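Me: I would like to go through this model term by term and ask what each label rests on. Please set each value against its definition before you conclude anything.

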Amino acid sequence: MADTNPSARPRRPGVPVSRRVLPGFGLSLGITLFFISLVLLLPISGLVIHTAGMGWEQFWFVVTDPRVVASYKVTVLAALAASLFNCVFGLLMAWVLVRYEFPGKRLLDAIMDLPFALPTAVAGITLATLFAESGWYGRVLSEFGIEVAYTPLGIVVAMAFTSVPFVVRTVQPVLEELPAEDEEAAVSLGASDWTVFRRILFPVLWPALVTGGGLSFARSLGEYGAVVFIAGNSPYVSEVISLMVFVRLEEYDFAAASAIASVVMGVSLLLLLAINVWQGRYLKRLHGGRG
Amino acid sequence: MTIEIDGINKSFGQFQALRDIDLTIPDGQLTALLGPSGSGKTTLLRSIAGLENPDRGRILFSGEDVTGLHVRERRVGFVFQHYALFRHMTVSENVAFGLKVMPRRERPSKPEIRRRVRELLEMVQLDHLAGRYPAQLSGGQKQRIALARAMAKRPEILLLDEPFGALDAKVRKELRRWLRSLHDELHFTSVFVTHDQEEALELSDQVVVMRQGSVEQVDSPLELYSQPDSRFVFNFLGQVNALPGAISGGVLRQGEAWVRLPESCDDDDAELYLRPHEVRLTQEPSQNAHLPFRIEAINVIGAEVRVELRPDGWESEELWEVGITHSAFNARQPGRGDRCYAVPDVGHLFCDHLSEPKTLSWYDSAG
């Protein structure tokens, strides 16, 4: 009666043993890649192919046209101002939503996403009406000599409005997870409130804030609907890149349109990539890597 | 620095966490706040630190009222249960934090801070980890860094919230000894919270047993163990064998079990509590006690053999546990299911009409 254990089935040779514990890796990755190809990569390749048809010199000529270059400056500066404003204001809103209890908190939380849900053209028209010289805000501001509608400042306002949820929604969960003990420890060691914020809270919030700010910036670079209604669109002063693309399209100059679009896309992509790499390094240090 | 707590009350909404706590924590001693979860021990510790504001009552450090003083100004070292190390700072930056945030005119110079940090890290024997981040440390190391950080400003009071709760048994034992020796060396007044009675008895000079927001008993570990004031304290400090019954004519009786009490006692319902080492096991009942059992389980691991006993012909809420020496066990070789008798040497009688328990001894009476 030796070695006749019925439960010990011999392993069939040649059948590979799956080493992954979590099932469905192949299938889920396949679907993801297929979908990304369909909605992202294919249109982007179209863009690149369109651009590639025009030759290097022509490409350079189109993308360095003085009016286009002026629009780069306007767009980048406005997007920078808008995302910086959002970093401050978004952090404040996330702070209020996480740290305090007050009636209507849920409602405020829901309203926070409104800029994403609102059609950008509606946002643009509304902002333009409000900030026009006869509008509610415009009337007050004009008394101080501040013009918002139909100036680069209007572009900043439109960009900030449409992209502020990025900052709120990236900072909020990090703030929620922050243990109160850390702050208590700092205070018990004699730190002032400002020191606690600067030395304890901010370093932990910083990566989320940069991500939110970066997303807000990237979104602002390409914003069209909200901006064109309030920008005034005077050449060299308040034209944004996306408007330049649209102008080229109206002239049926598809190659030039895609050339300018590819510049925006390239910059956005590089920016997002850089943020990801930097953040990966920073977070590794917090979570146990050899920083 | 003596800590006096004078009539502290604290509620969280409907829940009263602390009620009328009066307590004196002597200078230079190690005091344990012991109690089950929800007994208010952590709230009391946090109130001493100034992290909670009591609704009523006063807290005094060396006679000086600090109730209105902010945590920042109380100058206590606080070690949090989950260490609360700053994740984005290295070990030495963590330890230096308290010194670096001091107002400029009080702050030590940079080389002085560096020297102090090195000293503190040497004290906790982790100077080789100065450049690491908290995520790279083990639980025991984090705990020691948290301690070094709390002591950086040389507080005279050190408060520790469940200091060894999250560590495994071996590290816990090591850290316990180490904290004890550190305390003996530096002589600050320390208070620590624990729900582990062994830890409290082993480590502290004075134990405060808490229950439902009130102080149940304050005593030295030895007094507490040998003279518990209440059934709660008795039950909370280790294994208890109980004989509930009724006294009549100097005999406590329930079912087939009876014990002749060595002192006169009024007739009443009562409960006799005995610790495992206060009872002997015999083959035959003695003239003072008739406590029949069946052996339920035998555990030979440890310094003595622990025998679990099921009452035979009477009832008790939990099984009894009696310790016998290995040599006695080997001589008799009792087996599971065997019948045997317990003979008490010392016992604690809780009568319903008396507020304090009575300690009884059968040593003098022949038995």
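Reply: Gladly, and with the reminder that this is a predicted model. Chain B is divided into domain 1, residues 3–231, and domain 2, residues 239–361, and the C-alpha centres of these two domains of chain B lie 40 Å apart.

Me: What makes those stretches of chain B domains, and what does UniProt place there?

Reply: The bounds come from an automatic or database domain assignment, and in chain B that gives domain 1 (3–231) and domain 2 (239–361). An unreviewed UniProt entry places the feature "domain: ABC transporter" at residues 3–237 of chain B. Over residues 3–237 of chain B, the chain is 37% helix and 26% strand, with the end C-alpha atoms 25 Å apart.

Me: How do you know which secondary structure chain A has, and what pattern does chain A follow?

Reply: Helices are DSSP runs of H or I with at least four residues, and strands are runs of E with at least two; on that basis chain A has 13 helices and zero strands. Read along the sequence, the pattern of chain A is α-α-α-α-α-α-α-α-α-α-α-α-α. The unreviewed UniProt annotation "domain: ABC transmembrane type-1" covers residues 72–275 of chain A, and over these residues the chain is 80% helix and 0% strand, with end C-alpha atoms 21 Å apart. UniProt also places the feature "transmembrane region", again from an unreviewed entry, at several spans of chain A, including 21–49 and 110–132. Residues 21–49 of chain A are 86% helix and 0% strand, and their end C-alpha atoms lie 42 Å apart, while residues 110–132 of chain A are 78% helix and 0% strand, with the end C-alpha atoms 28 Å apart.

Me: Why does A:Y150 count as buried?

Reply: The cut-off for a buried residue is 20 or more other C-beta atoms within 10 Å, and A:Y150 has 20 C-beta neighbours inside 10 Å, so A:Y150 counts as buried. A:Y150 sits in the loop between α7 (136–143) and α8 (152–177) of chain A, and its phi is near 65°, a positive value in a residue other than glycine.

Me: Is B:Q125 buried or exposed, and what is the reason?

Reply: A residue is exposed if 12 or fewer other C-beta atoms lie within 10 Å, and B:Q125 has 12, so B:Q125 is exposed. B:Q125 lies in the loop between α4 (110–123) and α5 (139–150) of chain B, with a positive phi of about 60° although B:Q125 is not a glycine.

Me: How many residues of each chain does the contact take, and what makes two residues a contact?

Reply: Two residues are in contact if their C-beta atoms lie within 7 Å, and the contact takes 19 residues from chain A and 20 residues from chain B. On the side of chain A that touches chain B, α9 (180–188), α10 (193–222) and α13 (254–286) each supply at least two residues, and α9(A) gives the most, with six. By class, that side of chain A has nine nonpolar, six polar and four charged residues.

Methods. Residues numbered from 1 in each chain as written. Chains lettered and ligands numbered in written order. Predicted model: local features only at pLDDT ≥ 70, side-chain atom pairs only at ≥ 80, totals over all residues. Nonpolar A, V, L, I, M, F, W, Y, C, P; charged D, E, K, R; others polar. UniProt positions renumbered as here; feature names shortened; annotations may be inferred.
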